[in-house]
Structures are given as structure tokens and as C-alpha cells.
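Colleague: I'm new to this one. Can you show me the structure and walk me through its pockets and helix packing?

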Amino acid sequence: HDSIKIKYIKEAAEIDKFTKNINQITEIARSQHIYSMAELRALLQTLKDKGLISQSCTFDLFYKRSLEIGLTEHTIFIGTKDVSKFSFDKEINIYHFAYSLKKNSFFSMSTSLNLQGYSNYRDNFIFISSELTKKNINSTKLTQESIDEAFSKPYRRTHFIGKYMDKNIVYLTPKYTKNYAVTQKTWPMSSINRALVEMIINVQYFRNSLEIIQTFMPLKIKIDTKEVFNIINEFDLIYPYFQCIGYYLEKIGFTKSELLKFKSKVSELKFYTDKNKDKYKFDNYWNMFYI
């Protein structure tokens, strides 16, 4: 049929142009590590605008030719759905891949420590966060009974967890702080001070509080207690985390005299380092139950 013949003629012309400009097309395509489907369509338009592919090239044909120069699809099941991304790289970088999965995200907690070369703690997990939008929340009065009840129950963890290759990718949605103490390195990531606060708040993603303390003890010289205090302020947490993090900082190696600002924030309420334990010890100075 004439229509089929015309289609083949058009495809042949496109293939010829693609082949002619293949080096430039490949260089431009590989300048970005990870693509969504929408970004692949934008790439096609960019190549058309540069005159490297004719205006009549369909996306289906462009996709077919892209597969020939190394485009691969990578899929992860996270939350309740499969998410697919595409790359022209021969070997995909797991951090590029994880970072591409959510807008305005940053690497957090132990992952930020590992990426900055401070540790390799829990390196089979990639923690990545995207802050919630700003909300006006009416604060309710905190009581000892409500704290005791909450910390007698098992931890709750996010359902937004996926596995890719040998890594578990965990997405968190912390409170809005305008990304306070998030630093730009190869990717955006939590500073060491923010990572400390994040890990203490989210101890459920680690074995226990003792491991967090052990992880940060060799990093004491890198920790700025004033900045840690400011980060807790920015999070505006309901629970009495000033006394909790003051306790941690003393265990990490800071003296009580270095932590007077935290001591001034100790409430009358007793708080916990870990949830749902059979036995606790008690620290009178920080008003903290610990293991």
C-alpha cells in the first residue's frame, strides 16, 4: 500500500539523518544521566530544534533509535506503583537514579554521611527526603501519659521503600524547614549536623540509639552544637527533642558545660531515646529514658 511505502520512506530518511548526526545526538543525550518519559520527549524536541533530527520524527521512531545507541529502562516498585526511568549510561549510578525519583529531594540521614565520606554506616540503604509543604498546625498540649503511650508502641515506618540492585531506597517526608542545613555537593544532601538530628528523630530506621551514638563519636570534631540547636528549632518538633539530643551529644563526647543551651530547654516531661523496650535506664540530668 502507498501509505505503508510512504511510512517506510519517511523512516528511512529519519534513520539516515539520525545516523549522520549520531555522534552529536549521543553526546547531547548522555549529558543527562537519568530521564523520565517526559524528559525523553523534551530531548527529542531539543534535537529537532538543533536540526539534528527532522521535525517529522515521531517519538516512537526516536525511542526505537535511542535503544540502538544504548537507552535502557530501569524500573523500581516503590510505594504502590512501578516507576520507570531511562538512561543512556552503560552503568547506571544508583544515586543518580534515586535522586531522579522525586522532585526537590535531597540525600539525608546516614546516606548523607556516607556520600560525604564520614562513614559507611547502613550503606545498603539510601535515604532520600523531600520536605512537606508548610502547614499551620494547632499544637496540642503534650502530657507524660501521651508520651508514655506513644513510646510503648512499635515504630511506624514509611511505605515508600523500594529495592534496586543491592540497595533499599527509602523516601522520607520531613517537616518543612526551607531545606535548612541542606548543602549542595554532587547532589543536595543534609549537613552532618542535620543528619545527626534526622537520625535521632528517625531512630526506627537504625538498630537503636546506641548505634547512632557510636556512628557519631568519631565525628565529634565535625559537629557544631550551635547549629544542631538551630536545626531543632527549625524543625519545630512536638516532642522534647532538645533534651533528647542534649543527651545524645553528651554520650557522643561533649561536656555538660558545652551543652548548657540544651539543658536550658529540658522540660518537666520525661522522654525516650528508643521506643517499645522492655527495660530502660533513666538519666536525671536530661530527664531521659535510655537503653
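This is a predicted model: local features need pLDDT of at least 70, side-chain atom pairs count only at pLDDT 80 or more; totals for chains, interfaces and linings use all residues.

Colleague: Now α8 and α10. At what angle do their axes cross?

Modeller: Roughly 55 degrees, and the axes come within 9 Å. That makes α8 oblique to α10. This crossing is right-handed.

Colleague: What makes the contact between α8 and α10?

Modeller: On the α8 side, Asn193, Arg194, Leu196, Val197 and Glu198. On the α10 side, Glu227, Val228, Ile231, Ile232 and Phe235. Six of the contact residues are nonpolar, one is polar and three are charged.

Colleague: Switching to pockets. What volume does the largest pocket have?

Modeller: About 1,600 Å³. Its lining has 45 residues.

Colleague: Which of those lie nearest the centre?

Modeller: Thr173, Lys175, Ile201, Leu237 and Ile238.

Colleague: And which elements give two or more residues to that lining?

Modeller: Strand β6 (167-172) and the helices α8 (192-201), α10 (225-235) and α11 (241-252). Helix α8 gives the most, with three residues.

Colleague: How does the lining of the largest pocket split by class?

Modeller: There are 22 nonpolar residues, 13 polar and 10 charged.

Colleague: What about the second largest pocket, what's its volume?

Modeller: About 280 Å³. The second largest pocket is lined by 13 residues. Nearest its centre are Ile34, Glu39, Lys85, Tyr99 and Ser100.

Colleague: Which helix gives the largest share of that lining?

Modeller: Helix α5, residues 94-100, with three residues. By class, the lining of the second largest pocket has three nonpolar, six polar and four charged residues.

Colleague: Remind me, where do the helices from the packing part come back?

Modeller: In the largest pocket: α8, α10 and α11 each give two or more residues to its lining.

Conventions. Residues are numbered from 1 along each chain as its sequence is written. Side-chain values use heavy atoms; hydrogens and water are left out. On a 1 Å grid over the protein atoms alone, a cavity is a set of points where a 1.4 Å probe fits but cannot get out, and a pocket is an open set with protein on both sides within 12 Å along at least five of seven lines; lining residues have an atom within 4 Å of a point. Grid points are joined across faces, edges and corners, and a volume is the space filled by probe spheres set on the points. Helices (H or I, at least four residues) and strands (E, at least two) are DSSP runs, numbered from the N terminus. Ala, Val, Leu, Ile, Met, Phe, Trp, Tyr, Cys and Pro count as nonpolar, Asp, Glu, Lys and Arg as charged, and the others, Gly among them, as polar. Axes are lines fitted to C-alpha atoms, for helices over the stretch in contact, and angles run from 0 to 180 degrees between N-to-C directions. Angles under 35 degrees count as roughly parallel, over 145 as roughly antiparallel, 65 to 115 as roughly perpendicular and the rest as oblique. A crossing is left-handed if the near helix is turned anticlockwise from the far one by less than a right angle, and right-handed if clockwise. Contact means heavy atoms within 4.5 Å.
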